[in-house]
Amino acid sequence: MRALKHILPAILFLALAVLPSCMKYGPAEEEDFNIDPSGEGLFIINEGNYMYGNASLSYYDPATKQVENEVFFRSNGFKLGDVAQSMTIEDGTGWVVVNNSGVIFGIDPSTFKEVRRITGFTAPRYFRMLSPTKAYVTQIWDPRIFIVNPATGQTTGYVTTDMDFESGSTEMMVEFGRYVITNCWSYQNRILKIDTQTDEVVKALVVGIQPESMVKDCNGKLWVLTDGGFEDSGYGFEAAKLLRIDPDSFEIEQTFTFPSDDNASKLTVNAEGDELYWLNSGVWKMSVEAAHLPVRPFISREGTLFYGLTLNPVNDEIYVSDAIDYVQSGVVLRYSPQGELLDTFKVGINPGNFCWR
Amino acid sequence: MRRLGTILLAVTAFLAVSCNWNEVIDDTKPMPPEISLDNSSAVYTIMTGETLTVSPSYKYVTGATYAWSIDNKVISTEPVLRYTDDVAHSVYIRITVKTDAGSASDEIRVDVKAPAPPPDPEPEPDDSFWTFPQTEFNVSLGRSILLKPYDIKEDDGISYIWTVDGTQVQDDASAGYVFEARQEGSYEVRVTHGALSQTLTVNVCPAEGAYRRAASAASSPTASRIFEFTPAPGQYVNEDYTANTPEEAVEYVVKRFTNGSYVSLGGFGGYVVAGFDHSIDNNGGYEIGIVTHLSEEYTEAGAVWVMQDENGDGLPNDTWYELKGSDTFAETTIHDYSVTYYKPSAPGMSVQWTDNQGRSGKVNYMGAYHQQEWYYPLWISEDSYTLRGTRLEAHNYDRSGNGTYWVNPPYGWGYVDNFNEIDMLGSKDTNHFRISDAVRYDGSPADLKYIDFVKVQNAINGSSGWLGEISTEVCGIFDNNLSE
């Protein structure tokens, strides 16, 4: 059953390494947006379907409860590309990473107009700006982290690792002072600590099979969620784990092991940094001081296929995306901090990530 | 000077250690109780009938009372919980400890699981000498139809004698008999093989065209009615939908097609039958479109069959004609291939199958990803059912060599859910089909002028490791004449 591939992106991205990218450009009428730059807003990054070139960007205004879909296409007159992965807003620019198109678009968060473009990637995953002239870009099926100059769009170097091109990859990046910690997710089991002044990996730590997501808490600790791989994986399969790691000593301080049949992912933290959230069929919530994992979901899954998770940094409202069946347009569900469903709105296909402005 | 420094250092150290140096520390103040569970997940798993022992660590519990409760009902007042359950379910149990100084509370979950049922015994294939999956046939005047027993166990050298309305028409070692529809009417056809015999009914209907329903401006290009949805067992069968009757299964398909969503046909032989509010004319082009999921690397090919409403009753109970594809006449293709699926004896089990080639296997239960209890369609009440059709050789293989990356290269053309440049016609999600590719039982062109019904049937019996069974996905069926 091929649809399962959407559930396990590890397989999907194997294909990325061997197939040509496809980014559809086409002339279209451009629409003018002008979002109030002082207000909060939520970008929804819709992956689209692999090889369909139907990734898109949606924008939701929590104040007006209005959603605008396909804002990138409507504003720029051409499509975002194939498999949008992530977005971050740094230095007033929104950086949208489009995986299978091998491109990162810098957009104006208020007009959605393209203002920068960085190319030369094969499968970029995440963008992290370190200074106006230096950023890291992680890739899947690439042992290197690209060092780019966002101002010029040029690749200026690489952070090299001991992984190989066949299975090496890096994912998210969390900054601790001069260090960046990245997780090696697909068919890997470590996190790496990188000195951003020397652009060298200074430490590596085995955390468990497939560290999938990471966040920093209010105590300056790093939390890592491993998904444990999947059954019949040649790399192995184990129970998912949630680990607290001291970023200085780079040692594991605490390990919480999930029941073996759980499928945990998308570790998120609230703005205060004292509550962890993740997806595991439903939405789960845990204090960073908790002695054990919660035993019941905070928000139950009821006929939904939860796919992405974020919290409003202003009021802790919870936003969960529902990919429905990975084919039709997805839906975002908005919950109160107490877990009550407030409303829903339709977005693009496979809404997998979010970015607050 | 060194001595003064030592004294200052000692004072500083004292102050540093005593963060609350300005508070009065009262060692006699009673502390509220504390609970530390003996499991970092707080989830305990036991089998039905087993006894679980939970031994938390407690602090400050002098004179404490303990209460373990389920839904506020106390089940134990001991510090250590011993819990037994005969029902497979998850239960939440709260421990509350109280002393004069305060209280503490925590919650655990106990997942009570039923013991895995013993594996079902190997199914015993039907030992009948032959099989007649259909005993009544409708065929238009002027056509011929092949009547035959299926799945004959052995060639015993005994001839097959055919009679039509009592008159012997054939005595031959070969089992099949070609009935020529020369005159309208109902005929009793009987085949005898030694002591065995079977009676069939053939209804010769008016000639082609009598019941043709011409398309009009009001005709819908999309299938107006789903007549049947009979998937083979599979990981998507019964998932996120409940259908306890064939009618409810059809409703599910209608809803999915309306939403543009796919239905999975499960393993080999699973099929869906659709009809239109008009006849689709054969204009020599690609008259039928079938929306699906297309992947260059992973085909899940389904064969397409078409039917005319030969008896004019509006139901797909006439003669199916296969639309030939690139591999219809390949040596590796098996016609009249059949697979029998056996209902598991308990939930959460793989579905066993046998085929008419003497092979057997399983549609694996993949509980890590698809947790519905049954992969066997709930609306099929029988303990086994047989699906019959044309089987293509599976192309799937593990490209990674370690089980992680399965591919199934596409066939040339002529199948649903099959990436190819010939019949996609530039589309990204649709395979297109020609009525003129319809073939008769002997592979010759059927020369149909129009059709009324379309059947899509999974044509591959294969499985790809953790991806599970190969299963055709269908999102919709339409008249391409009207959509162009």
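**View 1. The contact between chain B and chain A.** Chain B gives 41 residues to this contact and chain A gives 27 (two residues are in contact if their C-beta atoms, placed from the backbone, lie within 7 Å). This is a predicted model: local features need pLDDT of at least 70, side-chain atom pairs count only at pLDDT 80 or more, and totals for chains, interfaces and linings use all residues. Residues are numbered from 1 along each chain as its sequence is written, while chains are lettered from A and ligands numbered from 1 in the order in which they are written.

On the side of chain B that touches chain A, strand 2 (43–47) and strand 9 (102–113) of chain B give two or more residues. Strands (E, at least two residues) are DSSP runs, numbered from the N terminus. Strand 9 of chain B brings the largest share, 4 residues.

**View 2. An open sheet in chain A.** Its 4 strands run in the order 12-13-14-15, with antiparallel pairing (two strands pair if DSSP finds at least two bridges between them). Strand 12 (173–176) and strand 15 (200–206) of chain A stand at the edges; each has a single partner strand, so one side of each lacks a neighbour in the sheet.

**View 3. Strands 12 and 13 of chain A.** They pair in the antiparallel sense over 4 bridges. A:Val174 stands opposite A:Ile181 in strand 13 of chain A.

**View 4. The loop residue A:Asn270.** A:Asn270 lies between strand 20 (265–269) and strand 21 (275–280) of chain A. A:Asn270 is buried, with 20 other C-beta atoms within 10 Å (buried means 20 or more such atoms within 10 Å, with C-beta atoms placed from the backbone). Leaving aside neighbours within four places in sequence, A:Asn270 is in contact with A:Glu275, A:Leu311 and A:Asp316.

Key
A residue is buried if 20 or more other C-beta atoms lie within 10 Å of its own, exposed if 12 or fewer, and partly exposed in between; C-beta atoms are placed from the backbone.
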